[in-house]
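Here is a short note to read alongside the model. Please keep the structure open and go through the points in turn.

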Amino acid sequence: MTSLNGKIALVTGSSRGIGRAIAIRLAREGAKVVLTGRDLEKLHQTAAEIREDGGEAAIHAVDLRAPTAATELAQFAQETYGGLDILVNNAGATKRGDFLTLTDADFEDGFALKYYGAVRLTRAAWPSLQATSGAVLNIIGVGGRTPGAEFTIGGSVNAALLSFTKAIADLGVQDGVQVNAINPGRVHTDRLTNSLPAPGPARESALAQLVQKSSITRIGEPEEVAALAAFILGPEGRWLQGSLIDIDGGQTKSI
């Protein structure tokens, strides 16, 4: 029997990158997974990989910026699988750039997807999670601990989510819901790849410079974040509560 056998997991942003890796790993651990994101084609690709591996997955494509999306997703999980045991809030990318050129709309969009998406979905899923003694895992990012001039939106959103995680973890103690967060550092995802030169020596050089500049051991892989998520959400990680766990190759220097 695998560690999450029979559990129902909802993973946002599961069409690609870290969210996709987490969804696939949780399915391998025995969970039935609800996949969601905006790219329907890539959601089907993730679902196909899960099913080919013997797992079970359902798809409900939404834009979490919409105020009604969270309720839709919670209802879909209830109607499809009869409940919810695990919520992984992973969706959300924020715009980088010179603070003086970023607009109010840029900030509002960053908070609308990543912050408010997670807040609304946690609220909508909470009754189901309370009923099953379930878990919330927020995938946030090291920018919430280490602000930078080029990441003013993302750093602010991530810091807000770190605070939210700690606050909701207190409620989780009362209601029997596990709440934790993972802060990934630089990971090989489409977002990182798209910021680099084309494959070849120039890309390898850029990656080496990035590793050196960040003072880290190396760039991480989505599957490494997924492995940590599976541990936290499995029976061996149940004592973790309100933990904000960095997985970043040494990027975060604060205590």
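**Notes on the predicted model**

1. S133 is found in the loop between α4 and β5. The model is a predicted one, and in it S133 has a positive phi of about 50° although this residue is not a glycine. Is S133 buried, partly exposed or exposed? With a relative accessibility of 42%, S133 counts as partly exposed, because that class lies between the 20% and 50% limits.

2. S215 sits in the loop between α7 (201–214) and α8. The phi of S215 is positive, about 55°, although S215 is not a glycine. At 46% relative accessibility, S215 counts as partly exposed.

3. Next, the sheet. Seven strands make up an open sheet, and their order is β3-β2-β1-β4-β5-β6-β7. The pairing is parallel. Which strands stand at the edges? They are β3 and β7, each of which has a single partner strand, so one side of each is left without a neighbour in the sheet. From one strand to the next, the twist averages 20°.

4. Strand β1 (residues 8–12) runs parallel to strand β2 (residues 32–36), and five bridges join them. In this pair, A9 stands opposite V33 of β2.

5. Helices pack on the sheet as well. α2 touches β2 and β3, and its direction makes about 165° with that of β3. Helix α8 (residues 222–233) touches β4 (86–89), β5, β6 and β7. The direction of α8 makes about 165° with that of β6.

6. G54 lies in the loop between α2 (40–52) and β3 (56–59). G54 counts as exposed, at 68% relative accessibility. Between G54 and R28 there are 26 residues in sequence, while their C-alpha atoms are 8.0 Å apart in space.

7. α5 has 24 residues and reaches 34 Å from its first C-alpha to its last, close to the 34 Å expected at 1.5 Å a residue. Its buried residues include I153, V157, L161, F164 and I168. What do the buried residues of α5 pack against? They pack against α4, β5 (135–139), β6 (178–184) and β7 (244–247). After α5 comes G176, whose phi is positive, near 80°.

8. Now the aromatic rings. A search of the whole structure finds four aromatic pairs. One of them joins F99 and F107, edge-to-face, at 6.4 Å centre to centre and with 85° between the planes. F99 is partly exposed, with a relative accessible area of 46%. Another pair is Y115 and F164, also edge-to-face, at 6.3 Å centre to centre and with 70° between the planes. This pair links distant parts of the chain: Y115 is in helix α4 (residues 104–132) and F164 in helix α5 (residues 152–175), 49 residues apart. F164 has a relative accessible area of 13% and is buried. Ring pairs also link F111, Y115, Y116 and F164 into a cluster.

9. Finally, the domains. The domain assignment gives domain 1 as 8–185 + 225–247 and domain 2 as 190–219. Taken over C-alpha atoms, the centres of domain 1 and domain 2 are separated by 26 Å.

Notes:
Residues numbered from 1 in each chain as written. Predicted model: local features only at pLDDT ≥ 70, side-chain atom pairs only at ≥ 80, totals over all residues. Heavy atoms only, no water. Phe/Tyr/Trp six-rings, centres within 6.5 Å; stacked < 30°, edge-to-face > 60°. Buried < 20%, exposed > 50% of the residue type's maximum accessible area, 1.4 Å probe, protein only. Helix = DSSP H or I, 4+ residues; strand = E, 2+ residues; numbered from the N terminus. Domains from an automatic or database assignment. Expected span 1.5 Å × (residues − 1). Contact = heavy atoms within 4.5 Å. Pairing = 2+ DSSP bridges. Axes fitted to C-alpha atoms, helices over the stretch in contact; angles between N-to-C directions.
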